[in-house]
Amino acid sequence: MSGSGNLMDFLDEPFPDVGTYEDFHTIDWLREKSRDTDRHRKITSKSKESIWEFIKSLLDAWSGWVVMLLIGLLAGTLAGVIDLAVDWMTDLKEGVCLSAFWYSHEQCCWTSNETTFEDRDKCPLWQKWSELLVNQSEGASAYILNYLMYILWALLFAFLAVSLVRVFAPYACGSGIPEIKTILSGFIIRGYLGKWTLLIKTVTLVLVVSSGLSLGKEGPLVHVACCCGNFFSSLFSKYSKNEGKRREVLSAAAAAGVSVAFGAPIGGVLFSLEEVSYYFPLKTLWRSFFAALVAAFTLRSINPFGNSRLVLFYVEYHTPWYMAELFPFILLGVFGGLWGTLFIRCNIAWCRRRKTTKLGKYPVLEVIAVTAITAIVAYPNPYTRRSTSELISELFNDCGALESSQLCDYINDPNMTRPVDDIPDRPAGVGVYTAMWQLALALIFKIIITIFTFGMKIPSGLFIPSMAVGAMAGRMVGIGVEQLAYHHHDWIIFRNWCRPGADCVTPGLYAMVGAAACLGGVTRMTVSLVVIMFELTGGLEYIVPLMAAAVTSKWVADAFGKEGIYEAHIHLNGYPFLDVKDEFTHRTLATDVMRPRRGEPPLSVLTQDSMTVEDVETLIKETDYNGFPVVVSRDSERLIGFAQRRELILAIKNARQRQEGIVSDSVMYFTEEPPELPANSPQPLKLRRVLNLSPFTVTDHTPMETVVDIFRKLGLRQCLVTRSGRLLGIITKKDVLRHMAQMANQDPESIMFN
C-alpha cells in the first residue's frame, strides 16, 4: 500500500478554483492535509525574510484562536437573545404585560410593586387575554377565550416558522446534527451552513419553541453555532481555502453550541468529541475548550434566566442517595433504553412514510396540523401547557418550605419543628395525587406527539422532549418510592437508611436520572451525557446514579439496534457517512467490491502521453466519474497517478484561454518531458500539475475489513486496486457503503444520497 506524498507539485502555477469541490461530493482529507503542510512550510520559510513576513506568520498562527473567540461571542449572544425571545413569546400565548408589552410574565410581576410572595404569579400589570378583551378572569367564557387565544398564537408562530423555512432557507429545518456529522466526516453540502440558514434558523427557532410544539432548541443551536463557525472561517484564507482545516473549526463550533444550549462548556467539548466529530486532533480539543468557554461566558453576561447562573435547571438536593436506590435508578435506565428504541423505530418509519408518500408534498399543512393537535390537547393539562423547559425545571425541583407547586402538596405534621431545608418525608396530599395522573397523561401525550414532531420542516431539537419524557417518568417513580418508604419504613430495604421523620427520598433526583436515561436511550451518548447532566443541574454528587442510568439505557437500547437517532436519520437520508462505531466483520476482499466487475465495460483511464484534448473532453462528457486513473498505456496498464475530473476541466479551460496554440488536436501529457510529435502537430498541453502522483492503492487481495478501516481513518474518496503495479479497478466511498449495506442485508441503492 502506498500513502500520499507531495501532491502539490501542480501548485507551481495555481489557477483559480483548483482544489475546490463540487456540491454533494466528499473531500480528500489526505490532500487537504498535504496542502496545509505546504502552506505552513511556505509561511515559515518566508517569515525569516522580513519583519513584515514574520508578523504575518504570527497572525496566521493566531488566526485559529481569533476565530474561536468570534464564534464563542456570536454563539453566546445568539443563544441569549433566543432564550429571552422564547420566554416572552411563550408567555404571549397566555397574556400580555400592560406596563411594557415586551416583558415576560415573570419580568412583569417582578417589576410590579403590588406583587406578594404568596401570589407571585398574580399581579395587576399582567393580564390574561380574557381580562384584556372581555374583562373576565374566571368562568367558562374566560377559559374558552384563553384557550382559543393560546391555539391561535401557537398556529401563527408555527405558520410563520414553516413559511420562512420554505421560502428563504430550506436547510434550516430539522435538528441539523445528522447533517453536521456528515459534513464533519468530509461531505460537502453547500448552503447548509450559509448566512441565510443562520438568520432563518435563529428566527424560526424562537417561533417554533414558543409555539409549544414538542421540540427543543438544543440541537438546532449546534447548527447555529456551526453556521457562525463557517461564516468566520470564510474570513481567513487559512480556513476558507482548505476544507480539512474548516472542519476543525466546525468541530469546535459544535462544542460552543452545546455549551450555550445547556450552559455546559465541558459537556459541549465532550459532546463534540463523542457524538459529532469525525477527525478530532488534540489542537481541536484545546480550541473547542476555548470556544466553549467564551460562549458560556458571553451567555452568562447576558444572563437570560435572570438567576445569575448559566444553567437552566439548577438544583440543590439536601440528602445523599443510598445504595438501595440504585435499583430504581437502573429501572429508569431500562425505561430510557426502551423509550429510545421505540422512538427511533416509530420516528424513522414516519419520516420514511413522509419521504415516500404524498405527505411530504404538504409540509406547511403538516406543521399546522401537528401544532393544532398539540395546542388543543396541551392546554387543559397544566404540565403540557407550559414550556417544556419550565416543566423539567419543576420536575427536578426538591420540595422546600416555600414551594407552591402541586407536586409539593404534602400533608404536614403540625408539630414539626425542623430547619427549613431538611423537611422529612410526609404523606402525599390531594395535590400530589392530582399531579400524578396529570403527569401520567402528559407522559403518554409527549411520547406520542414527539414521534410526529421531530423531522418536520421546521427547526426541531430532541434533547428537551426526551428529557421531559424521562423527567416525568422519573418523578412519578420517585414519588412512588418516597411514599413506599414513608408507609413501610420497617421493611428490610428501608430499615437501615430511612427512619421515621427522616428526609430520605428525593423525587427530584429520580426525575434527573430519568431525564438522563431517556436522552441516552435516544442519542446513545454516555460520557458527554453524564457531564452535561451534572453541569446542567449542578448535582455533582449524583454522578454515580447518572452513570448507572446512562450505561443501562445504552445497553438496553443497543440490544435492539446499534443506531442512535442521528445515525438513523443519516441512513434515512442516504448521506455517505462511514460511522467509526460500525464494525465490519465480513471476509470479503477488495477484488469483490472494486469496479469494473465481470461483464462491465473496462475502467475509463487516461494515458500519460497519447490522448488529445478532444479525447479527454469527450471522456469527461460521456462519464460522470469524479476522477480518472492515469496509466502508461492501454496495453501495459501500469499506474502513474490519478487526476480529478474538476481539475482536468479547469486546467483545459484555463489553457485554452491563456496558452496560445492549444486546440482540440493538442496532445495532453502528464510526464516531465513532452512526447516526440510530428513537426506540424499543434502545441502539446502539459498537465502534470493536476496529477496526484501518489494515489492510495491496495492490492486485489486486501481484506475489505482493512479497506473499510483505511477509508474511515484516512477519509479517502477513492482507492485504486492494483496487482504488481498494474491497474485492475477502483473502489470509491460509495462502493464501500453499498457493500456494507449489502452485507447487512439492506438494499444497497437505498443508502445513496439523492
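Helices H17 (residues 430–453) and H18 (residues 463–487) pack with their axes 10 Å apart at an angle of about 150°, and they are therefore roughly antiparallel to each other, a label given to angles over 145 degrees. The model is predicted, so local features need pLDDT of at least 70 and side-chain atom pairs count only at pLDDT 80 or more, while totals for chains, interfaces and linings use all residues. Residues are numbered from 1 along each chain as its sequence is written, and side-chain values use heavy atoms, with hydrogens and water left out. Helices here are DSSP runs of H or I with at least four residues, strands are runs of E with at least two, and both are numbered from the N terminus; axes are lines fitted to C-alpha atoms, for helices over the stretch in contact, with angles running from 0 to 180 degrees between N-to-C directions.

H17 passes H18 in a left-handed crossing. The contact (heavy atoms within 4.5 Å) includes Met436, Leu443 and Lys446 of H17 and Ala468, Met472 and Arg475 of H18. By class, the residues of this contact divide into 14 nonpolar, one polar and two charged, where Ala, Val, Leu, Ile, Met, Phe, Trp, Tyr, Cys and Pro count as nonpolar, Asp, Glu, Lys and Arg as charged, and the others, Gly among them, as polar.

For another helix pair, H2 (residues 51–92) and H10 (residues 243–262), the axes come within 10 Å and cross at roughly 30°; H2 and H10 are therefore roughly parallel to each other, as angles under 35 degrees are classed. The contact is made by residues including Ile71, Gly76 and Ala79 of H2, together with Val249, Ala253 and Val260 of H10, and by class it has ten nonpolar, one polar and no charged residues.

Turning to the pocket, the lining of the second largest pocket receives at least two residues from each of the helices H13 (326–356), H22 (543–560), H23 (565–573) and H28 (733–743), and H13 gives the most, with six residues. The lining residues of this pocket divide into 18 nonpolar, ten polar and 13 charged.

Two backbone details remain. A cis peptide bond, with omega of about 5°, joins Arg595 and Pro596, and Pro596 lies in the loop between helix H24 (590–593) and strand S3 (606–607). Asn303, although not a glycine, has a positive phi of about 55°, and Asn303 is found in the loop between helix H12 (282–302) and H13.

Key. Angles under 35 degrees count as roughly parallel, over 145 as roughly antiparallel, 65 to 115 as roughly perpendicular and the rest as oblique. A crossing is left-handed if the near helix is turned anticlockwise from the far one by less than a right angle, and right-handed if clockwise.
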